[in-house]
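Me: Could you take a close look at one part of this model for me? I'd like to hear about the sheet and the helices packed around it.

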Amino acid sequence: MKESNKVFPSLAQAAAAVREGAFGTAAVGEKSHNATAASGTAANESPRSFGSFAAAAAAHKAAGPQLGASQEGQKALVLCSGGVDSTTLLAMAVERYGAENVFALSISYGQRHEKEIESAKAVAAYYGVEQRFLDLSAIFADSNCSLLAHSTDQVPEESYAEQLDESNGAPVSTYVPFRNGLFLSSAASMALSLGASVLYYGAHHDDWAGNAYPDCSLEFVYAMNLAIMEGTGGELRMEAPFVEWSKADIVKRGLELGVPYELTWSCYEGGNYPCGACGTCIDRNRAFELNGVRDPLLDVLDAQRAQAGE
């Protein structure tokens, strides 16, 4: 039988390779993340081991933090939420492929506010890329996730590590049920329709450490990439170059690229100023601190307040 040119021709072969112990026995999450520990993210990494897709992911991950090699005329679609991670990824994609070959996809899912969509629009306009939108909010109508506008729960004002301690390792309350799986499936269909050959996803290490957001994990990323490659006949692949990076690592790269972080938004609350207390605010602030700079967004907002006499 002629084999595919993919890393693994099928999910079955990937599973077989793992069962045969082809990738050793080391546990996931052995890489040290000083920035993660300093930010208060759970130090206890994912409990998964190399008896899963993580084995193949670790064995075949791209060398270094750069995007995969591009080809002339290749197009890319980037999931763009308007936050730090996806904006940095968009900057990297534009640098590699050129703005004319990059699409930004922003998704509404019933979140508490429109600030992140507004930021995504500003970021896409800054980089001059074509932007598309989807509204998937109806799918989460029955979820009481605290991140959703109709939820009766409040967004926790504490770090992810503290939330995980209280939940005994279950995903945090701001985990939207399989949201990223839905996003990636939808984005894959759109990317293929637009003639793109690569789909970029900004999941990073701090989001899946300790199982806070399981649909950001190394295993999830690898399994979704396999599904996308299989389901598109190898015409589309997914890349998540930040999946083993801390948020501080991402900010470091973004600062090198001159990413306009003052246009981005991360806070789970709407308002005119980040709350500074929710998990994502805590992580964001710490990421900039670890790079020796203040969040540019706060500088801009403080200047606006001063000008308004507040």
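Reply: Here's a walk through the sheet first, and then the helix contacts.

Keep in mind that this is a predicted model. The sheet is an open one, built from 5 strands in the order β3-β2-β1-β4-β5, and the pairing is parallel. At the edges sit β3 and β5 (237-239), each of which pairs on one side only. Ignoring direction, neighbouring strands in this sheet are turned by 25° against each other on average.

Let's zoom in on the β3 end. Strand β2 (residues 102-108) pairs with strand β3 (residues 130-135) in the parallel sense, over 6 bridges. To get from β2 to β3, the chain goes through helix α5 (residues 115-127), and that β-α-β crossover is right-handed.

The crossing of α4 past α10 is left-handed. On the α4 side the contact is made by V84, D85, T88, A91, M92 and E95, and on the α10 side by K247, I250, V251, R253, G254 and L257. Sort the residues of that contact by class and you get 6 nonpolar, 2 polar and 4 charged.

The other helix pair to look at is α7 (residues 179-193) with α9 (residues 218-231), whose axes come within 11 Å and cross at roughly 30°. With a cut-off of under 35 degrees for roughly parallel, α7 and α9 are therefore roughly parallel to each other. Their crossing is right-handed. Here α7 brings N180, G181, L184, S185 and A188 to the contact, and α9 brings F220, M224 and I228. By class, the contact of α7 with α9 comes out at 5 nonpolar, 3 polar and no charged residues.

So, putting the two helix pairs side by side: α4 and α10 cross left-handed, whereas α7 and α9 cross right-handed. The α4–α10 contact includes 4 charged residues, while the contact of α7 with α9 has no charged residues.

Notes. Residues numbered from 1 in each chain as written. Predicted model: local features only at pLDDT ≥ 70, side-chain atom pairs only at ≥ 80, totals over all residues. Heavy atoms only, no water. Left-handed = near helix turned anticlockwise from the far one by under 90°. Helix = DSSP H or I, 4+ residues; strand = E, 2+ residues; numbered from the N terminus. Contact = heavy atoms within 4.5 Å. Nonpolar A, V, L, I, M, F, W, Y, C, P; charged D, E, K, R; others polar. Pairing = 2+ DSSP bridges. Right-handed = clockwise from strand over helix to strand, strands pointing away. Axes fitted to C-alpha atoms, helices over the stretch in contact; angles between N-to-C directions. Parallel < 35°, antiparallel > 145°, perpendicular 65-115°, else oblique.
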